[in-house]
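Subject: The two-chain model, and what turned up in it

Hi,

Here is the structure I promised you. Have a look at it first, then read on for my notes.

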Amino acid sequence: MANERISGKASQPGMRLASGEDLEQIVRPAEGLISRRIFADPEVYERELEQIFGRAWFFIGHESEIPERGDIVARQCGVDPVILVRDQAGVVRAFLNSCRHRGMRLCRADRDHATALRCPYHGWTYSTSGELLAASSEHHYGPGELDKAQLGLIPVARLGSYRGLVFGSWDPAAPSLEEWLGDMRWYLDIIFGRTGEIEFVGVPQIWDVECSWKFATDNFTDNFHVYWTHQSLVELGMLPSDPDFASHGHMVTLDNGHILHFVQGPPMEAFQGLGLPKSLWPRFAEHLSPAQARIAQAHGYSAGTMWPNFHWLQLVTAGDTKSEPVGILNLRLEVPLSPTRTRMYSWFAIDKAAPAGYRKTSYETYVRCFGPSGIFDQDDMENWEECTAAARGPAAKRYALHHKMGLARPTDATWAGPGIAYADSYGEMTQRAWYAEWLRRMRQPAHAPTAVQRPRVTAAS
Amino acid sequence: MSAAPHSAGVPADACAAGTPLYGEILGFLYREAALLDNNEYGAWIELCAEDIHYVMPVRTTQVRARGPGFEQVSFFDENIHSLRTRVARLETGSAWAETPPSRTRHFLTNVLVQAGERPDEFAVAANFLVTRTRAEQAYQMFAGRREDLLRRVAPSEYRIARRRILVDQTVITSTNLSVLF
């Protein structure tokens, strides 16, 4: 069944693709059948832009990246460019990075510090909280031609923050951030609250890969590729030689497409307590519930996806064959540039309470193992590009990928956290849950979001 | 590249273009580049000093007043052990990003040599262009400036004690950084 061919006639006019296929028929998550068509098809991509990137919640940045009033980073919300700024009152805000007048990009640096934002084109000037302070040649406007009160920067329609992670949505009708994250908050508490606060260190590494964004998202919830894709590290003795080594854990699926894993490492102290130094372990009990603290203590690895494209990777590894394993917290975001090109973001983050020596070793190990130069990541990108390249042709698009591992596996009611849990973290339940949410989003009736609204801002810390 | 206040006996004009010393260092750089382009990583790693620091900072776009935008976070931050691990990995045959291998060209120009703080060390800066292609792929290119500290260990023989790779791109438009600079 590896080459299972899938096709289906359109049942709803809106779901029919130019190929004559019905999206619902060619993407069947419950059966583990995902058409290759969705990975390189411009028609599917255009629909994703509206249905997903114009409406879902997206990670923009972390509050620790803009600690001071007037700090700015240029990012995107979905695929639209935004300015993430801490305004003069200390409130975190996000605006479309585009002047209201002619649409010129306002913030042209990757990060900046400013008391006001002036457009280079005609000098329109905005406060850090988005109000239009001055337009150009104002005395040449007649009465009523320039209503400055209505010409503030375009805010991200919904903005919220959880554990310092700032998310935005362009859909004014989106559920609240708390509602959308739902039970994922329980797990975010473990990853981002285990010892107090987490900080993002410096700027992200950014690089463009010739792949569908979905091959990357699929990979970040895939544990059983590690032994094979990263075989070179097995050969060097940096990963265990047992092909099942990353299977000793649980997979969890949650509402709204959020998915995660917690996996035990080898029975060594370095792989306990999420790989954090032993001196930080007592903090688990101070900052987490007993059930959360037990999960943090018992596991070495964790990966989670806040649907659709933002991930944490909590890992324990050495950066070279001479060093001891150390914990790493890596955050990842994929922003599509086209159906077959994706901009990758990778951040290093660390517990504010971490001792200096651990902080340095964890950082160095991160750089050596992850991001574009990482001895782990290099080979992942290779896979994503080649999977994408092989999905471009009309023949390939008639066939499904295979996502059936664990279709019949029972759930594990002994798991202490919320969500639907499965023992054995080798399986494709999390991918199937991700694609089910993708399909649900793609099937939603299109709606025109209402125009500019003032932001419902988060109060900054 | 910082000026060398303590020339330690090597006068500045002895390092200038056209001098025997300059030619010797240029010859070393070319031999080193050939090893990388020929996939002779085992021989290349022997040119790295035990105390090497090999770093490629992430670059960001900044307004002019904030400087060139080289950040504390890096794409590479390597010591001899991590470089040896990278080389050993390439030789496993299962480092898929380089199996089959990339085809690269390391072009070096605008080489400037200054005396270092020790009489056997030289600060060597060069512009680089590295082209890379794999399988049927279009060329991926990396351009920037390399700032090396080279240590003379024998006539015409040097070891790389520092390498700072100052890449021009803020967004690396390449699958990955599986090649060395």
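Helices (H or I, at least four residues) and strands (E, at least two) are DSSP runs, numbered from the N terminus.

Some housekeeping. This is a predicted model, where local features need pLDDT of at least 70 and side-chain atom pairs count only at pLDDT 80 or more, while totals for chains, interfaces and linings use all residues. Residues are numbered from 1 along each chain as its sequence is written, chains are lettered from A and ligands numbered from 1 in the order in which they are written, and side-chain values use heavy atoms, with hydrogens and water left out.

**Covered spots in chain A**

Start with helix α4 of chain A, residues 184–193, where eight of the 10 residues are buried. The buried ones are Met184(A), Tyr187(A), Leu188(A), Asp189(A), Ile190(A), Ile191(A), Phe192(A) and Gly193(A).

Next, find Thr342(A) in strand β19 (residues 341–351) of chain A. Thr342(A) counts as buried because its relative accessibility is 0%. Which residues is Thr342(A) in contact with, leaving aside its neighbours within four places in sequence? Contact means heavy atoms within 4.5 Å, and the list includes Trp207(A), Cys211(A), Trp213(A), Glu334(A) and Leu337(A). A polar atom of the Thr342(A) side chain also sits 2.7 Å from the backbone oxygen of Cys211(A).

**Where the chains meet**

The contact between the chains involves 40 residues of chain A and 37 of chain B. In chain B, Val73(B), Arg89(B) and Thr175(B) lose the most area to chain A, together 18% of what that side buries. Buried area here is the accessible area (1.4 Å probe) that two parts lose on being put together, summed over both. For these two chains the total is about 3,300 Å², with 52% of that from carbon and sulfur atoms.

A salt bridge is a side-chain nitrogen of Lys or Arg within 4 Å of a carboxyl oxygen of Asp or Glu. How many does the rule find across the interface of chain B and chain A? Three. Arg89(B) also forms a salt bridge with Asp379(A), at 2.6 Å from N to O. On the chain B side, the elements giving two or more residues are β2 (70–78) and α3 (80–90). Strand β2(B) supplies the largest share, eight residues.

Most residues other than glycine have a negative phi, and most peptide bonds are trans. Now look at these:

- Trp307(A) and Pro308(A) are joined by a cis peptide bond, with omega about 0°; Pro308(A) is in the loop between β16 (301–306) and β17 (310–317) of chain A.
- Asn256(A) has a positive phi of about 70° without being a glycine, and lies in the loop between β14 (249–253) and β15 (259–263) of chain A.
- Ala135(B), likewise not a glycine, has a positive phi near 45°, and is found in the loop between β4 (121–133) and β5 of chain B. Ala135(B) is exposed, because its relative accessible area is 53%.

Terms used:
Buried < 20%, exposed > 50% of the residue type's maximum accessible area, 1.4 Å probe, protein only. Polar contact = N/O pair within 3.5 Å; in protein donor to acceptor, adjacent residues only side chain to side chain.
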